[in-house]
Amino acid sequence: MKVCRIRDNSGVEEAELSEIPQLMERLADKTLGQLADEGVLLFPRQLERSEDITREQRLLCRQSGGYATGNVMGFLGCGEERLTITSRFSVGNDYFLQYLLRRVLEIPNVVNLKVDAVRNDMLFNLLVFLFPSYLRRAVKKGVFKEYVCHQYNDGNVRGNIDVARQLATNVPFIGRVAYHQRGFSNDNSLMELVRHTIELIRRTSQGRELLATVRTEVKQVLAVTSSYKLCDRQKIIRQNQRGRVRHPYFHEYFDLQELCLSILLHRRHQLGTGSKRLYGILFDGAWLWEEYLNTILTSAFYHPENRRKKNGEWLFCDKQGVMQGEIYPDFIGKDSERRVIADAKYKPAGNIRNKDYLQLLAYMFRFDSQRGYYLYPDHCERREQLLLNRGIANEGKGIVKGREDIALVKYAFSVPSEEFDSYQNFAVEMQSREQTFLSELLET
């Protein structure tokens, strides 16, 4: 197996990727949207609502002598070749990405995210560990129902008669009639797909512990899938590949369907088939960072959700009181006497400029805030304050001066730069730094 590791927001020489030519051929000039259409899982799912990545963005941007990576992290594979895009903050093991995934996607503590490239379990384990949170969110909407056609062959006719099947099976006539009936049912191809995924996970290491975290949801799935047969797995996979969940109300089931297909198809690849198929899972680092910050700041900040179009604010209203100009700041301070606005940035401080400044200043003006913060990750504790200028340079030399009352602050969260011997020790250090980060942020 050939494994190549690169980092996000970094330059990559072409020679570094020479060991994975087959995979690079599949990735060359592909946009994230094209990769998603080929079956690669992307987080967040709604690329069209993302401000940080789009369907047209390329995973690897070609530049002189090699490529440049963006905010995207994750794992890709094709045949015996693997490409891992780790966090640029990883030192040895990529504990930082693992920690963000645990906090944001609620991966239970019973699982082990240790990378095992030799056994090709890296991607499969991560897909499996995501399953409980996806199942939990989907079942909150209720067990999925759809119209299903059931075939019968008895004397109690309650549907349309199947003439061809009647002639093939019930001649001479012995009192039975072949017919079919269409009805609204829980036992459908999607719920059968979820059942097959559950049965597969049961047989993995830590599978029972993992499913125990969603015991109630698993029982609901088992109760409605009475027609489950292990030998039907490939048929169920094909049915779900052809018939995807389309209704926007059930978008959680669409995500669950995609995840289940990825788990089942990836396991089939591991067992020796489909070796030419491109598969993988990619995370938008900007989205992951913003959602992680929300877990830290939720007690002191509101968090409007742009991608879900929830809790938005408005810039204007007309004379009739109709709101216009919907906006979604990342974080709005809850202290009305000392309102602050914060913007999550998963990029180096030197890349925060121009449009970033204009956007945050507009939010500050709208909410009568005198302090705006850019919250970004770094290996060092850095605080850079930028005072808003007063005056016009064209009106005279030295007339422009910084105001003390209004400022932007680039505020770094210090990610541990030392190497840890275990994930647990890294997590303890991160939790300590989170408390310090929040208390210092509220004091400034």
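Buried here means under 20% relative accessible area, exposed means over 50%, and partly exposed lies in between (1.4 Å probe, protein chains only). Strands (E, at least two residues) and helices (H or I, at least four) are DSSP runs, numbered from the N terminus.

A note on what I am reading: this is a predicted model, where local features need pLDDT of at least 70, side-chain atom pairs count only at pLDDT 80 or more, and totals for chains, interfaces and linings use all residues. Residues are numbered from 1 along each chain as its sequence is written, and side-chain values use heavy atoms, with hydrogens and water left out.

**Around strand 7**

Which way do the side chains point? I found Glu-81, Leu-83 and Ile-85 on one side of strand 7, with Arg-82, Thr-84 and Thr-86 pointing the other way, and all are buried. In a regular strand the side chains alternate between the two faces of the sheet.

Next I looked up the partners, where pairing takes at least two DSSP bridges between two strands. Strand 1 pairs with strand 7 in the parallel sense over six bridges, and Arg-7 stands opposite Thr-86 there. Strand 6 runs antiparallel to strand 7, joined by five bridges; Gly-77 has Arg-82 as its bridge partner. Two residues lie between the strands of this hairpin, and Gly-79 takes a positive phi near 60°.

I then traced the open sheet: five strands in the order 1-7-6-11-3, with mixed pairing. Strand 1 (2–7) and strand 3 (41–43) are at the edges with a single partner strand each, so one side of each has no neighbour in the sheet. Strand 6 (residues 72–78) and strand 11 (residues 279–284) are antiparallel over six bridges, and Val-72 has Asp-284 as its bridge partner in strand 11.

**Helix 8**

Which residues of helix 8 (residues 215–224) are buried? I listed Glu-217, Val-218, Val-221 and Val-224. Seen down the helix axis, they fall within an arc of 135°, so they line one face of helix 8; the arc is that of the directions from the axis to the C-beta atoms. Thr-216, Lys-219 and Ala-223 are exposed on the other side.

**Charges over rings**

Last, I checked for a charge over a ring (NZ of Lys or CZ of Arg within 6 Å of the ring centre and within 35 degrees of the ring normal). Arg-88 lies over the face of Tyr-346, 4.5 Å from the ring centre, and Arg-383 lies over Tyr-411 at 3.7 Å.
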